[in-house]
Amino acid sequence: MNPPPSLSQSTRFRRLEEVFCAALEVPEHERAARVAELCGSDRELAAEVTRLLAVRAQTRGTFLSPAARLQVSADDFTAPAEDDWTGRCIDGFTLVRRLAVGGMGAVYEATQQELRRSVALKLMRGALLDADARRRFAREAQILAEVRHPHIAQVYASGTYRDAGVDVPYIAMELVPGAVGLLTHADQQRLGLRDRLRLFLTVCDAVLHGHQRGVIHRDLKPANLLVDESGHVKVIDFGVARMLERGELATTARTDARHIIGTLPHLSPEQLAGDARVADVRSDVYALGVVLYELLSGRLPYDIRNESLARAAEIVRTQAPAPLSAVHRTLRGDLQTIVFKALEKELDRRYSSVEALAEDIRRYLSHEPILARPPSARYQLRKFAQRNRALVAGVMVALVVALIGAGTTAWKVVEATREGQRAQLAARKAERIAWFLQTVLSSADPRLADADVTIRDALDYAAARADAELAEEPEVLSDVHALVGSIYVRMKQSPLGERHLRKALALRRELYGDSNCIVAETMTDLAWALDADHLDEVEQLFTDALKIRRTLYGDDDASVAVAKTQVAAAKSLKGRQAEAVTLLNEALPVVKRELGPQHTAVGFALATLANCLQIMGETAAAEVSYREAIAVRRVAASPPELADTLSNFAKFLKRQGREEEAVPFAAEAAEIRARRLGPGAAPCEEP
Amino acid sequence: MSAESQDEVTRLLAAVSSGDKGAVSRILPLVYDELRRLAAAFLQRERPDHTLQATALVHEAYMRLVRQDSVGFCDRHQLLAAAAVVMRRILVDHARTKRREKRGGDAVMVALDEAIAVFEQRSGDLKALDEALTDLAQLDERKARLVELHFFGGATIEEGAEILGVSPRTAARDWEFARVWLRDRLSDGGVSRSASDGEANEPA
């Protein structure tokens with residue numbers, strides 16, 4: 001019987017499987033015969049089975065074995081993700097055993113075959129590097145190789161090893177035999193205070209040596225400070241942190257976050273602030289301060305064990321370390337002064353070098369007066385003011401957010417939607433302004449520090465700094481001035497607000513031209529900030545703003561109508577009631593239609609209209625408007641506005657001899673004002 | 001995660017395990033969301049020498065989505081089967097994109113990179129494996145599912161046998177052959193005469 005000339009693929013696959021499995025059922029030496037027997041003349045099938053049997057023999061057990069079971073529980077998380085490379089050979093280094101798995105890869109004990117010496121080989125797997133990064137990495141390694149000191153673990157060699165298409169940078173360093181950590185060593189040897197200080201001085205010498213060769217350690221922590229079997233200190237990983245940054249190796253979030261977590265208590269505030277560029281020798285001074293604190297007290301200066309990363313960073317940046325004297329009485333006085341000077345958050349107040357720190361420790365050991373001074377009372381006061389300023393800054397930022405949030409009501413919403421992305425733009429600007437204010441207000445500046453800091457001081461200061469620092473960014477600068485101005489106006493400090501609003505207006509005119517809604521808005525804000533002595537300008541500003549809006553949006557627009565009521569109010573104050581009434585009658589239906597019958601703008605228009613009509617002697621019409629205005633303002637107006645209208649209406653009634661009718665309105669107005677100002681406040685008459 | 005989305009996941013998983021391919025796509029964003037949340041939580045833990053076990057992370061995220069007690073449907077076998085499908089998709093999709101795009105600082109992406117590294121350490125290029133597995137499914141669906149269950153889902157061969165409704169012995173044979181067949185296929189660059197050669201035999 002002939003087989004079909006062409007078997008379907010799946011049938012063929014079945015045959016293959018059949019023969020393969022049958023072959024496996026017999027002992028290995030009989031398999032070839034079994035395959036030949038089962039395949040008959042199908043030599044190609046026989047060849048395939050034979051090949052598969054060969055593949056089977058070569059396939060490693062790990063092939064397609066599960067990487068993990070799905071039924072993992074949260075507790076199973078501690079197994080290292082990296083597999084052990086022990087036994088591998090990398091560029092002439094044979095990995096003997098894995099010493100540690102850390103934030104930046106694993107460290108192996110390795111044998112450098114050529115020199116027959118043991119080294120510590122740090123492998124940075126998971127690092128990313130391009131040709132540039134490789135060059136920087138190599139250059140940095142060269143610099144490190146030149147740092148030689150008996151207490152610094154020598155860098156021997158570095159390079160990149162290619163594994164499965166990925167570059168794995170490595171550094172070969174001096175192996176520290178029988179090494180234990182600095183703190184463990186001190187405890188094991190039961191070192192006393194003075195011996196601990198001497199041990200620490202050795203560390204300082206090593207670090208100082210690196211500094212003198214232009215290398216900052218940047219990752220000083222007990223894990224990097226080892227003591228070998230003969231009691232010698234060895235500082236490891238000198239400059240490696242920078243090497244990784246330079247080489248842009250530590251670019252994965254995993255490495256970064258984990259590394260930061262491990263190192264956090266020893267990172268200086270400036271490093272935590274994220275500005276790696278400012279980190280200098282004083283950052284190492286800080287880290288040494290933390291190590292000294294631990295060495296003396298057995299604990300960290302800040303208790304951040306159970307805090308989130310962000311919160312921990314915040315604590316290190318803002319809080320004072322726990323007093324050493326609380327740990328042990330002997331740590332009072334000079335020792336605490338030394339440690340705390342090393343731990344100063346402000347760079348300028350810290351020891352300016354490791355040498356200076358070491359010098360004070362030597363002085364302490366030889367009972368000489370130390371050079372560091374405990375913070376003065378004046379300084380303590382300043383710190384207090386700064387803490388208050390942080391509070392002020394917090395209030396400011398909240399205020400900004402609230403204002404900008406609130407700004408998107410009324411006609412601003414109308415403009416925002418029409419302007420499309422304006423709301424988005426505003427949000428982005430809000431962020432930048434908030435950032436600016438926060439930066440300025442929480443930064444250290446002696447001019448502010450000694451003053452009794454109020455929001456007003458903070459505002460002035462912010463605006464002054466803005467002029468100096470935002471010259472290149474007129475848009476943000478104008479926003480800051482507009483904002484500061486508006487806050488002053490709301491704080492009833494209109495003359496102060498006026499100055500800022502004028503600046504904002506000038507800037508914005510230049511930026512956006514004379515027919516822009518933002519310019520119109522600023523004009524309106526400025527007009528509100530001006531007092532009765534500037535009525536001409538008030539009218540002019542309101543009128544200009546109205547013109548701009550009318551050109552942009554036409555007569556049927558809410559913002560145009562609202563602008564008309566503002567012009568009307570100005571005209572009314574200048575005694576031109578008839579013109580005002582005309583404008584108000586034009587505006588009112590539009591405002592009601594567009595913003596709703598109980599909008600604050602309706603209340604404002606009606607109250608203004610009532611005033612005008614009263615002055616014109618149209619008492620009946622005035623009374624209707626007053627009552628309508630009061631009804632609207634009861635729903636949607638701030639209490640002072642309602643009180644104003646109530647009080648005006650009461651006066652209106654009195655003037656007509658309707659004293660009794662006036663009483664409840666006057667009483668209600670008085671009550672509102674009393675509530676607002678607190679009992680005993682002077683009655684407030686509107687102009 | 002909310003009870004609603006958990007219900008949604010449950011529903012989608014039921015659809016996945018009954019072979020609805022579209023359900024896989026709909027479930028992925030939910031898994032990623034959970035992953036992102038988890039990864040962030042992990043990075044905030046303060047444990048100096050703690051290794052972020054990425055593979056476990058992926059699994060954990062997945063298992064959170066399908067908390068057994070809240071799963072209304074089926075037995076855990078069905079769940080496991082669906083999980084294996086989803087795992088395969090997540091890993092293979094990520095393996096496809098990861099070399100094209102420069103990786104950013106996204107913790108999830110990093111976690112997935114690591115997970116893939118673990119898988120590839122064992123079995124070579126994931127994309128090629130995925131393709132070979134798809135081909136295998138054309139020829140023998142059951143074997144392909146067994147590989148998926150075992151390799152991506154972490155099921156034992158015995159569990160796989162139960163899920164697929166075959167005897168353990170059959171499953172073991174299936175596994176032995178599928179594994180070698182896939183290995184062969186991956187080693188000679190995807191050309192496999194046993195499957196793709198329709199020219200067949202010489203006449204007897």
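Let's start with contacts in chain B. Taking contacts between residues at least 6 apart in sequence, 66% of them join residues at least 24 apart. Keep in mind that what we have here is a predicted model.

What secondary structure goes with that in chain B? We find 10 helices and 0 strands. If you walk along the sequence, the pattern reads α-α-α-α-α-α-α-α-α-α. Chain B has 204 residues, and buried ones make up 46% of them.

Now over to chain A. This chain has 687 residues, of which 40% count as buried. Its secondary structure comes to 28 helices and 9 strands. For contacts in chain A, again between residues at least 6 apart in sequence, 58% join residues at least 24 apart.

So much for the chains; let's turn to the nonpolar cores. In soluble globular proteins, nonpolar side chains tend to be buried together. The largest nonpolar core in our model holds 70 residues. Which of its residues touch the most other members? Those are A:Phe542, A:Leu584, A:Val591 and A:Ala605. Helix α25 of chain A, residues 600–616, gives this core its largest share, 10 residues.

Let's zoom in on A:Ala605. Setting aside neighbours within four places in sequence, A:Ala605 is in contact with A:Thr565, A:Leu584, A:Ala587, A:Leu588 and A:Val591.

Notes: Residues numbered from 1 in each chain as written. Chains lettered and ligands numbered in written order. Predicted model: local features only at pLDDT ≥ 70, side-chain atom pairs only at ≥ 80, totals over all residues. Helix = DSSP H or I, 4+ residues; strand = E, 2+ residues; numbered from the N terminus. Buried ≥ 20, exposed ≤ 12 C-beta atoms within 10 Å, placed from the backbone. Contact = placed C-beta atoms within 7 Å. Core = buried A, V, L, I, M, F, W, Y, C linked by C-beta atoms within 7 Å.
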